[in-house]
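Please keep the sequence and the three-dimensional view at hand while reading.

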Amino acid sequence: MSADPSALLALAEPIAVEVADHLRASLTGAGPAVSSKSTPTDLVTELDTWAEAHITERILAARPDDAIQGEEGADVAGTSGVTWSVDPIDGTVNFVHGIPGFCVSIAARVDGRTVAAVVASPLHGEVFTATLGGGAFCNGTPIRCAAPASAARSVVATGFGYDPRRRTRQAEVVARVIGQIADIRRFGAAAVDLCWVACGRVDGYWEVGLNAWDHAAGALIAREAGATVTGLEAGTDPSERFTLAAPPEVWAELGAILVDAGAADV
Ligand code: IPD
């Protein structure tokens with residue numbers, strides 16, 4: 001079966017939009033049943049579980065030989081060479097509170113490289129897409145990252161893990177960084193943060209502790225929009241250890257500020 005990036009995106013995009021629409025509609029009711037995972041503040045709802053099962057079922061119905069890995073435990077082995085990385089609700093805390101910014105994030109990887117990505121953010125009414133080498137789009141319109149003059153003029157997003165000790169250290173890093181940049185934002189969904197780097201709303205984003213399903217789709221969308229998206233060192237891929245996305249003009253300067261502030265040591 002073909003692993004053409006456009007065909008993979010053509011499969012994933014309507015699934016992400018359908019699930020995102022369902023999540024938005026669910027907010028008008030009583031709200032989903034909520035429980036917690038790694039810590040009492042790391043939330044999962046019945047709709048995270050439903051969404052992951054639905055996405056898995058839809059992908060496998062079309063492509064039964066693909067592999068799937070998802071935040072809520074989906075772990076399907078495949079033989080086609082295509083692996084799907086699924087975050088059924090990135091920003092579950094936003095979702096539970098009805099705060100715009102939760103999203104459905106789906107990436108297709110071939111030989112470990114993301115080739116197609118969709119991030120659907122229903123309360124913003126935005127669907128971000130990209131294919132490797134094919135550019136990045138928001139609701140079908142091409143997007144480019146910003147071109148800030150310097151790190152000192154950059155508005156930079158970040159995120160925090162769920163472990164209370166780690167998030168305290170991450171907040172201490174923010175206190176050291178905030179005087180050296182224009183401002184900080186914390187929106188609550190890594191995939192949206194990366195898409196907002198892609199469309200130039202923010203001038204950078206970093207976080208430590210992300211899983212592949214948090215960054216896979218957003219990283220391709222940001223790269224295809226012109227941003228430099230790495231791990232800690234130039235030329236590396238985003239990882240659990242570090243994710244940094246920024247326009248090429250400020251990537252090195254911002255990275256140096258973050259490393260000096262201990263951002264990688266949290
Ligand atoms: C979380 C969000 C959040 C980030 C956390 C992630 P989840 O994902 O992306 O913005 O700061 O590190 O775990 O748990 O809502 O899917």
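The model is predicted.

Eight strands form an open sheet with mixed pairing, and their order is 4-3-5-6-7-8-9-10. At its edges stand strand 4 (75-76) and strand 10 (141-142); each has a single partner strand, so one side of each is left without a neighbour in the sheet. Within this sheet, strand 5 (residues 82-90) and strand 6 (residues 103-110) run antiparallel and are joined by seven bridges. In that pairing, valine 82 stands opposite valine 110 of strand 6.

Two helices pack on this sheet. Helix 2 (residues 46-62) touches strand 3 (67-70), strand 4, strand 5 and strand 6, and its direction makes about 155 degrees with that of strand 5. Helix 6 (residues 212-224) also packs on the sheet, and among the strands it touches are strand 7 (113-121), strand 8 (126-131) and strand 9 (135-138). The direction of helix 6 makes about 100 degrees with that of strand 7.

Is strand 8 enclosed or open to the outside? Six of the six residues of strand 8 are buried, so strand 8 is largely enclosed by the rest of the structure. In a regular strand, side chains alternate between the two faces of the sheet. In strand 8, Glu126, Phe128 and Ala130 point one way, while Val127, Thr129 and Thr131 point the other way; all of these are buried.

On one hand, strand 8 pairs with strand 7 in the antiparallel sense over six bridges. Alanine 117 has alanine 130 of strand 8 as its bridge partner. The hairpin of strand 7 and strand 8 has four residues between the strands, and glycine 125 takes a positive phi near 65 degrees there.

On the other hand, strand 8 is joined to strand 9 by four bridges, and these two strands run antiparallel. The bridge partner of threonine 129 in strand 9 is phenylalanine 137. Three residues lie between the strands in the hairpin of strand 8 and strand 9, where glycine 133 takes a positive phi near 80 degrees.

Another open sheet has five strands in the order 12-11-13-15-14, with mixed pairing. Its edge strands are strand 12 (183-185) and strand 14 (228-230), each of which pairs on one side only. Neighbouring strands of this sheet are turned against each other by 15 degrees on average, direction ignored. Strand 13 (residues 204-207) and strand 15 (residues 243-246) run antiparallel and are joined by three bridges. Tryptophan 206 has leucine 244 in strand 15 as its bridge partner. Helix 5 (residues 190-198) lies across strand 11 (155-158), strand 13, strand 14 and strand 15, and runs at about 155 degrees to strand 13.

**Aromatic rings**

The count of aromatic pairs comes to two. They are set out below.

| Pair | Centre to centre | Angle between planes | Arrangement |
|---|---|---|---|
| Phenylalanine 95 and phenylalanine 102 | 5.0 Å | 70 degrees | edge-to-face |
| Phenylalanine 187 and tryptophan 196 | 4.7 Å | 65 degrees | edge-to-face |

Phenylalanine 95 is buried, with a relative accessible area of 1%, and phenylalanine 102 is buried at 0% relative accessibility. In the other pair, phenylalanine 187 is partly exposed, with a relative accessible area of 24%, whereas tryptophan 196 is buried, with a relative accessible area of 11%. Tryptophan 196 has a further contact: the charged end of arginine 201 sits over its ring, 4.8 Å from the ring centre.

**Cysteines**

How many disulfides are counted in the model? The count comes to zero. Cysteine 103 is in no disulfide, and the nearest cysteine sulfur, that of cysteine 195, is 7.0 Å away. Cysteine 103 is buried, with a relative accessible area of 0%. Cysteine 138 is likewise in no disulfide; its nearest cysteine sulfur is that of cysteine 199, 6.2 Å away. Cysteine 138 is buried, with a relative accessible area of 13%.

Terms used:
Residues are numbered from 1 along each chain as its sequence is written. Side-chain values use heavy atoms; hydrogens and water are left out. Rings of Phe, Tyr and Trp (its six-membered ring) pair if their centres lie within 6.5 Å; planes under 30 degrees apart count as stacked, over 60 as edge-to-face and the rest as tilted. Buried means under 20% relative accessible area, exposed over 50%, partly exposed in between (1.4 Å probe, protein chains only). A charge sits over a ring if NZ of Lys or CZ of Arg is within 6 Å of the ring centre and within 35 degrees of the ring normal. Two strands pair if DSSP finds at least two bridges between them. Axes are lines fitted to C-alpha atoms, for helices over the stretch in contact, and angles run from 0 to 180 degrees between N-to-C directions. Contact means heavy atoms within 4.5 Å. A disulfide is a pair of cysteine sulfur atoms within 2.5 Å.
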